[in-house]
Every structure is written in structure tokens, then in C-alpha cells.
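Thank you for letting me take a few minutes today. I would like to walk through the aromatic rings of one model and then through the core around them, so please keep the picture in view while I talk.

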Amino acid sequence: PKTMLAMGNLAFVLEDQNKLDEAEQLFRRVVELRRSVSLEDPEAWPQMNNLAMLLVKQEKLEEAATLYAELVAVCEQHAPPGYAAGAIFRNNYGECLTKLGRYEQAQELLRASQEDLVRIFKDGHPRVQRGAQRLAAMYRAWGKEEAALEWEARIAKK
């Protein structure tokens, strides 16, 4: 486990240095190793999220969405009630779906995760704000200007 953690940290360093292909290879290796041990272990989930986030950054959106769908399903099966990272993963997945233009599915994930983020972190927390920004961006991309303005107003109040 410590080796996988170190590998994940190195992948972050490579990503920060804009060596995205190298970071991707290392994140993939970590996820592969985690899968070989068990995806039921919550220690594996952030690594999957990190890879999916990098794939979104690289605009490999379909692959990222597939990975997020798996991650969210695993979390729903094995995470303890109120697991904060599960809400974060669903929110990240919703952003990915927005970029793919799958607005109805994105809306469902973003709204549900936003409720959880507010419950877990409380209004004004940066994660809650980011979730609200993602909702506003999703509605704007979807052409639902009124809903986007409502979420932007919520953000401005905080």
C-alpha cells in the first residue's frame, strides 16, 4: 500500500510538471495494482478518481466517464454512510458528463452530490462552492439560463 501511495504521489508530481502522458501511465499502474488487490478498499478509490480527473484534463472524456461510473458504483456498494469522498466522486463524474453533453445524467449526479456536500461540509465550504459552480456551468452549457443564474446567485450569496 505504501508503494502504491508513493506511486500516486509521483504521478501527481509528473502531472504538476505537465508530463501528462507519464502521469497517466503511472496512475493507470496504480489503479491496476489496486484492482488486483481489491476495489472494496476505500484506499483504492482516490487513485481511481485521480486517474479519471487526469483523463478529463486530457479530454479523454468517454474513458473518464467509464471509470467514474465504476468508481461511483463501487462506492455506493461499499462506502460507509455519509462517506464524503463518495459525494466528491459523484460531483466530479457529473462535471465529466457535462463536458460530454449528457446533461440529464449530469444534473442528477450534480444535484444529488450537491445536497450531500452541503450536508457534509456546510454552506460556504470550497467543495460546496465548486459543486454550485459546476451546476451553474452545466445549466449554462445545457442552455438553461434561468437555472444557471439561480445557481450563480447562490454562489454570490456565500
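This is a predicted model: local features need pLDDT of at least 70, side-chain atom pairs count only at pLDDT 80 or more; totals for chains, interfaces and linings use all residues.

Trp-142 is partly exposed, with a relative accessible area of 21%, whereas Tyr-139 is buried, at 3%; here buried means under 20% relative accessible area, exposed means over 50%, and partly exposed is in between, with a 1.4 Å probe and protein chains only. Residues are numbered from 1 along each chain as its sequence is written, and side-chain values use heavy atoms, with hydrogens and water left out.

How many aromatic pairs are there? Rings of Phe, Tyr and Trp (for Trp, its six-membered ring) pair if their centres lie within 6.5 Å, and planes under 30 degrees apart count as stacked, over 60 as edge-to-face and the rest as tilted; by this rule the count comes to five. In one of them, Tyr-68 and Tyr-93 have ring centres 5.9 Å apart and planes at 25°, so the pair is stacked. This pair links distant parts of the chain, with Tyr-68 in helix α4 (residues 61–78) and Tyr-93 in helix α5 (residues 84–100), 25 residues apart, where helices are DSSP runs of H or I, at least four residues, numbered from the N terminus. Both Tyr-68 and Tyr-93 are buried.

Coming back to Tyr-139 and Trp-142, their ring centres are 6.2 Å apart and their planes at 5°, so this pair is stacked. Both residues lie in helix α7 (residues 126–142), three residues apart, about one turn of the helix, and together with Tyr-103 they form one aromatic cluster. The charged end of Lys-144 sits over the ring of Trp-142, 4.0 Å from its centre, the rule being that NZ of Lys or CZ of Arg is within 6 Å of the ring centre and within 35 degrees of the ring normal.

Finally, the core. The largest nonpolar core has 46 residues, and among those with the most contacts inside it are Tyr-68, Tyr-93 and Tyr-139; such a core is a set of buried Ala, Val, Leu, Ile, Met, Phe, Trp, Tyr and Cys residues joined through side-chain atoms within 4.5 Å. The largest share of this core, nine residues, comes from α4, whose buried residues pack against α2, α3 and α5.

Notes. Helices (H or I, at least four residues) and strands (E, at least two) are DSSP runs, numbered from the N terminus. Contact means heavy atoms within 4.5 Å.
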